[in-house]
Amino acid sequence: MNPAKNMITEKVDSLWVNVHLATMTETGPYGMVKDGAIAIGGGKIAWIGKGIDLPADFESQAAEVYDGQSGWVTPGLVDCHTHLVYGGSRAREFELRLQGATYEEIARQGGGIRSTVIATARRMIKSLLNQSIPRLLALMQEGVTTVEIKSGYGLDLETEIRMLRVARELGESYPVTVVPTYLGAHALPPEFEGRSDEYVDFVCNEVMPEVAAQHLAVAVDAFCEGIGFTHQQTERVFKTAKKLGLAVKLHAEQLSDLQGTALAARYGALSADHLEHVSQEGVKAMAASGTVAVLLPGAFYFLRETRLPPLDLLRRYSVPIALSTDCNPGSSPVTSLLLMLNMACTLFRMTPEEALAGVTRNGARALGLQNRIGTLEQGKDADFVIWDIAEPAELAYRVGFNPLKQVVRQGKLRPELS
Ligand SMILES: [Zn+2]
């Protein structure tokens, strides 16, 4: 079939030629097309394929023709799990941990998440924006075109709303798609000490309806863990989210197995994230519900965890695996998605192709955006990155090196970031 016949737009605005394509579709390794070309129309991919098959009239139609100089093109990267809006820093806590305290001990002593909650609550929108912008820009410098941002350091109604507004404003101010998530059940605020069920009532009855009414989040997340919220409390959060028409996802099985993954799967969660302690039953449940496994090698590394996520089980049950920075001040102060590719390979033994799928195709799926982004296919958003690399595996292979040449977002060449 001649792909030109399937054009979804009559008009070609711009053309990229002399590029190699890692389309990340599931047709062979990396969905690879050597010596390829991409035609863009109306911000979408109007045509993609071998350069030699490029319809002759495209060049005359296109207002711009770009020579990719034999660079490799991948889909725009998707960072599907971040907490990048927050106030303060936890460098001091890092230091304490190196003096012997564990993550759980610090959390139980009112440190950890709570110290970020205090630092975040003190800050107004402008100050939170100013703190968050450099983190967002660092991700974008490495080709991120879609980023999920969670609330969860406000906990009270006003600060949670403020965090979600900051997330929205970041997406409006920069050429990046921000996908906001409400994470009220992240930590127990001190004023609810010993009354965690009442806090969950507050999350479900007061905050979530307001977040939904103002369209400030598309999904709801929770931290189902011994130092977080119980299985039952998490289920109440999910029930309310579903009633309000919000998607769900979960921080599950990071430090222990509370069977949060199976619960998330039962509620049709987009993703279950962390998963170092997930059981075979949990993995089976994810496979049945189509829930994406989001692995977070930055947190694994930073907390010096030793229990690996069960990669073989996830592969055996064909659970899609995404990767993310988990950018947060306490357990993963990471703003490099390329570094996560390398860590997923070195620490988790994922292949470079699996790792790249984790920040493209499967990252998109973890956000429910697989019909729009995540692979390079006709009809999808023209979000892609041109890299100065000799082969796609180089993106996961190198450490501390950024081979990004150019970024195209929604069909337009992204200007220099500042
Ligand atoms: Zn997280």
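**Exercise 1. Is Phe384 buried or exposed, and which ring does Phe384 pair with?**

Step 1. Phe384 has a relative accessible area of 0%, so Phe384 is buried (under 20% relative accessible area; exposed is over 50%, partly exposed in between, with a 1.4 Å probe and protein chains only). This is a predicted model: local features need pLDDT of at least 70, side-chain atom pairs pLDDT 80 or more, while totals for chains, interfaces and linings use all residues. Residues are numbered from 1 along each chain as its sequence is written, and side-chain values use heavy atoms, without hydrogens and water.

Step 2. Trp16, at 1% relative accessibility, also counts as buried.

Step 3. The structure holds eleven aromatic pairs (ring centres of Phe, Tyr and Trp, its six-membered ring, within 6.5 Å; planes under 30 degrees apart are stacked, over 60 edge-to-face, the rest tilted). Trp16 and Phe384 form an edge-to-face pair, 6.0 Å centre to centre with 90° between the planes.

**Exercise 2. Classify the pair of Trp47 and Phe58.**

Step 1. The centres are 6.2 Å apart and the planes stand at 85°, so the pair is edge-to-face.

Step 2. Trp47 and Phe58 are both buried.

**Exercise 3. At what angle do helices α5 and α6 pack?**

Step 1. Helix α5 (residues 125-141) and helix α6 (residues 157-173) pack at about 50°, axes 10 Å apart. Axes are fitted to C-alpha atoms, for helices over the stretch in contact; angles run from 0 to 180 degrees between N-to-C directions.

Step 2. α5 and α6 are therefore oblique (under 35 degrees is roughly parallel, over 145 roughly antiparallel, 65 to 115 roughly perpendicular, the rest oblique).

Notes
Helix = DSSP H or I, 4+ residues; strand = E, 2+ residues; numbered from the N terminus.
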